[in-house]
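Trainee: I would like a close look at one part of this model, the aromatic side chains and what surrounds them. Please give the criteria along with the values.

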Amino acid sequence: MPGMINARTKTLFVAVISGLAGRAVALLAPLLVMGPMLDHLGPTLFGIWLTAVSLAALANFLDFGIGNAALTRLSEAFGRGDWDGARSLLGQAYVLLAGLAAGFIVVTIVGTGLIAVVLPDVFESQAQAAVVGIVLSALFLTFVTGLLVKMLQARQAYVHAQLVQITGPIAALLATLFAISEGFDPVIVVLHYTLASPLTQAAWSLVYFAARPAQRPTFDKLDRTSIQAWTGIGGAFFVVSILTAVGMNMDNMIIAARAGAEAVTNFGVPARLGLLLMLIVFTVFMPLWTLFGNALARGDRAWLLHTAMKMSAGGALGVLIVGLTMVILADPIFLFWMGRSFPDQQLVLMGMVASATVIALTSPFNMILNAAGMARQQILPWAGFVVLCLVAKVLVVTPKTTWWVPWITTAAYAICVTPRILQLAFRRAKQIPLLPHALG
């Protein structure tokens, strides 16, 4: 048993280190492209693009929880050594998500076109409608192309998963800089940036499965029973995903409605830098999902709780240190990155640091609940968070108070989410039966 715990801890260490290295590379590309994008698109269209990106993040839930269900079900199949079952599950997920993606892309293209014609006040130009349609369509493509990464994570092949993920942003950077240098229309530039990543993931998938026939998905077992199984498992994750997406991505849309597109740019660029912290949180804590699932199955209560508490404290401290460094260096960072400063940029960054720290403190315990399949119990805390954020931000936001937004997020999360998640996680951990091998 000590050997199993030691191996699991080593896997976590490799996952975190490779994840941070991969994320650093992946994040550098979007940061480098934002300055040229702002100059090429102009403040208004750039603000529309940022708003569309936030809207796309909100629409992540439209996979109906199948992505998260795939991670859980594939992890279980690989843990049992059931390769045929894993291939079948992967094939089912590909079929379901491809159908959803195709339908939503058609609705997006037709819908944005109709809105531009029927409701001309929504978009000031056809270019704005096209940007929104492109960004959303690319998101729906990632429902399908991102399945390879989920499969690799379920197999705990974290280094390979990171390699797949980082090539997309690099391709997007190169494609965008080329399009800008050639003087392409702003909409075509957005098209290059947005589609490069999912197309790169699609190419990875083709190469990966071509080289590994034994791991290719099979498509012969999708029936009513299997569809019901997917919807049953994904249902609660679907609801939580909706609440999470709305709660964490409403800011730019509220600011656009209350203060205008240029205010989105003034807030969105500093917030974009602050979002690096959230990506660090996601990268560090995501591997705990599959590792905690293994610990729950084996009755390793001591390792699970020790790791969760250690990751919570260490992760929060690390995020706080990195975040405060960003705040101190904000002026030279923005001058180097964007060639200008933004109103209240330090205040926005400080709020982003606070929210990321609270979320980092809570995330390991979220992973315990996810690994245990306890998505339904997370619905009420997240619903309270969304309502409190929405009401407070709509009441508070003006062109001069956009910097309050991340501070409201911090307070709402600390009040509604953190206490309940910790309570549920500790309660679940105490219910773990101590199997004979867990006693050493």
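Mentor: What follows starts with the aromatic pairs and then moves to the contacts and the charged groups around them.

This is a predicted model, in which local features need pLDDT of at least 70 and side-chain atom pairs count only at pLDDT 80 or more, while totals for chains, interfaces and linings use all residues. Residues are numbered from 1 along each chain as its sequence is written, and side-chain values use heavy atoms, with hydrogens and water left out.

A pair of aromatic rings is described by the distance of the centres and the angle of the planes. Here, rings of Phe, Tyr and Trp (its six-membered ring) pair if their centres lie within 6.5 Å; planes under 30 degrees apart are called stacked, those over 60 edge-to-face, and the rest tilted. The structure holds 17 aromatic pairs. One of them joins Phe 237 and Trp 289, with ring centres 5.6 Å apart and planes at 35°, so the pair is tilted. Phe 237 belongs to helix H8 (residues 224-249) and Trp 289 to helix H11 (residues 288-298), so the pair ties together parts that are 52 residues apart in sequence. Helices here are DSSP runs of H or I with at least four residues, numbered from the N terminus. Both Phe 237 and Trp 289 are buried, where buried means under 20% relative accessible area, exposed over 50%, and partly exposed in between (1.4 Å probe, protein chains only).

Trp 382 and Phe 385 form another aromatic pair, and this one is edge-to-face, at 5.3 Å centre to centre with 85° between the planes. Trp 382 and Phe 385 are three residues apart in helix H15 (residues 379-396), which means that about one helical turn separates them. Trp 382 counts as buried because its relative accessibility is 6%, and Phe 385 counts as buried at 0%.

Tyr 413 touches both members of that pair, along with Val 358, Ile 359, Thr 362, Asn 366 and Thr 418, not counting residues up to four places away in sequence. Contact means heavy atoms within 4.5 Å. Tyr 413 is part of helix H16 (residues 405-416) and, with 3% relative accessibility, counts as buried. Its C-alpha is 19 Å from that of Ala 57, a residue 356 positions away in sequence.

Gln 378 sits in the loop between helix H14 (345-371) and H15. With a relative accessible area of 2%, Gln 378 is buried.

The structure holds one salt bridge, defined as a side-chain nitrogen of Lys or Arg within 4 Å of a carboxyl oxygen of Asp or Glu. The side chains of Asp 251 and Lys 393 form it, at 2.6 Å from N to O. Asp 251 is in helix H9 (residues 251-259) and Lys 393 in helix H15, so that the pair links distant parts of the chain, 142 residues apart. Asp 251 is buried at a relative accessible area of 13%, and Lys 393 is buried at 0%.

Arg 73 lies over the face of Trp 230, 4.7 Å from the ring centre; the criterion is NZ of Lys or CZ of Arg within 6 Å of the ring centre and within 35 degrees of the ring normal. Trp 230 is in turn touched by Ile 66, whose other contacts are Leu 96, Leu 97 and Leu 100, not counting residues up to four places away in sequence. Ile 66 is located in helix H2 (residues 66-80) and counts as buried at 8% relative accessibility. Between Ile 66 and Gly 235 there are 8.3 Å in space, C-alpha to C-alpha, although the two are 169 residues apart in sequence.

Finally, there is an aromatic cluster to note: Phe 64, Phe 104, Phe 140, Phe 143 and Phe 238 form one such group.

Key: Helix = DSSP H or I, 4+ residues; strand = E, 2+ residues; numbered from the N terminus.
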